[in-house]
Amino acid sequence: MPGKYSLAASATVLLITVASARGHAQSSPSSNLPVSISVYDRTRVDTWQWFAAPPASETYGYVESLVRLGVAQRVHQWDWELELAQPSVLALPSDAISPVTAQGQLGLGGTYYASNSNNINPAAAFLKQGYLRYHFEGTDKNLRLGRYEFIEGQETLPENTTISWLQTNRIAHRLVGNFAFSNAQRSFDGLDGHYGAGTWDLTSMVGRSDQGVYNMNGNPELNVDLQYLAFTKSELSQHILWRAFGIGYHDGRTGVTKSDNRASAVRAADHNNIRIGTYGGDMLATVPAGPGRFDFLFWGALQNGSWGALHHSANAVASACAISTSAAVICPFARTVSAA
């Protein structure tokens, strides 16, 4: 089916991270460390094949580059960080947006081109992170103010390697993240904090989204804000990790046409704000099972609110399990999503 399927290949040709001094985030509250300097570069070559209708481009390629330069320091109970990002995309196709309405943008080449005012070589530099954080007594209590990256689902650092892998690769980023796959990525301006003790953590965050992601200039704020609250707890010597969370989302952009199945004229005339509440939880488990191990994952969420002029409700569930023995057995995976 034209425009339905695509093929993308991405190669990371250079990935470097350099830092001086020790990690400031892991130091003692009484520490006074030298300034830490970090340099990160990610360069990728992307090729796309899209079954486009003429005269749009069917096959094209482009180059992405993201450089991040940061300085940070821990001074007693305070730490701070300043980080500059310089994303660029080179040789974008100018014909990867189909005039056929049903097709639209043909892969991310078309998306990057449209998001950067039809520029085939967009580049910019902006403040990626700039924050000040205070650490209260203990290692699990802090408050941060400024511009920072925020990823829900990673409120804790599990010592169990299986739980840590599942948390990072199967739970984090599902609803709120830094859009790490995109070239400009995303940060938030606001306030976040942690309050915990040993096996539990309470995380809260209020923030306003920056532009970024497909637009190389991530400095301006969008009229999009969110509120996040989560309680996370580890059980049975870190063999079980569960979390309950709530998210409030508000999109007040009036110049952006909403994406849904209404007629174009109806969507263009809908300037009402989007206000959505999301409530959910997840659980990860890895427990001994005879000579092997039983791993389990569950994630679920409910939503309600308003999608512009429409009433919105939705739900989603994901679950998976695995039994590892001399002969691995994988349990069924199930996911259901519904919206109205």
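Before you click on anything, one term: buried means under 20% relative accessible area, exposed means over 50%, and partly exposed is what falls in between. Keep in mind too that this is a predicted model.

**Stop 1: E64 and R44.** Select these two and show their side chains. They form a salt bridge, with the closest N and O atoms 2.8 Å apart. E64 sits in strand β3 (residues 59–75) and R44 in strand β2, so the pair ties together parts that are 20 residues apart in sequence. Are these two buried or exposed? Both E64 and R44 are buried.

**Stop 2: R243 and E152.** R243 has a relative accessibility of 3%, so it counts as buried. E152 is buried as well, with a relative accessible area of 0%.

**Stop 3: E221 and R208.** Now move over to E221 and R208, whose side chains meet in a salt bridge at 3.4 Å, N to O. E221 lies in strand β9 (residues 221–235) and R208 in strand β8 (residues 200–210), so the pair ties together parts that are 13 residues apart in sequence. How much of each can be reached from outside? E221 has a relative accessible area of 41%, which makes it partly exposed. R208 has 27% and is also partly exposed.

**Stop 4: a network.** Select R68, E83, K128 and E149 together. Salt bridges that share partners join these four into one network.

**Stop 5: a nonpolar patch.** Leave the charges behind and switch to a surface view. Select V35, I37, V39, L69 and L84, which form a nonpolar patch on the surface. Together they have about 380 Å² of accessible area. Zoom in on V35, found in the loop between β1 (6–19) and β2 (36–50).

Definitions and conventions: Residues are numbered from 1 along each chain as its sequence is written. This is a predicted model: local features need pLDDT of at least 70, side-chain atom pairs count only at pLDDT 80 or more; totals for chains, interfaces and linings use all residues. Side-chain values use heavy atoms; hydrogens and water are left out. Patches are made of residues with over 30% relative accessible area and no salt bridge: like charges are joined within 9 Å, nonpolar side chains (Val, Leu, Ile, Met, Phe, Trp, Tyr) within 5 Å. Accessible areas come from the Shrake-Rupley method with a 1.4 Å probe; for residues, only the protein chains shown count as cover. Helices (H or I, at least four residues) and strands (E, at least two) are DSSP runs, numbered from the N terminus. Buried means under 20% relative accessible area, exposed over 50%, partly exposed in between (1.4 Å probe, protein chains only).
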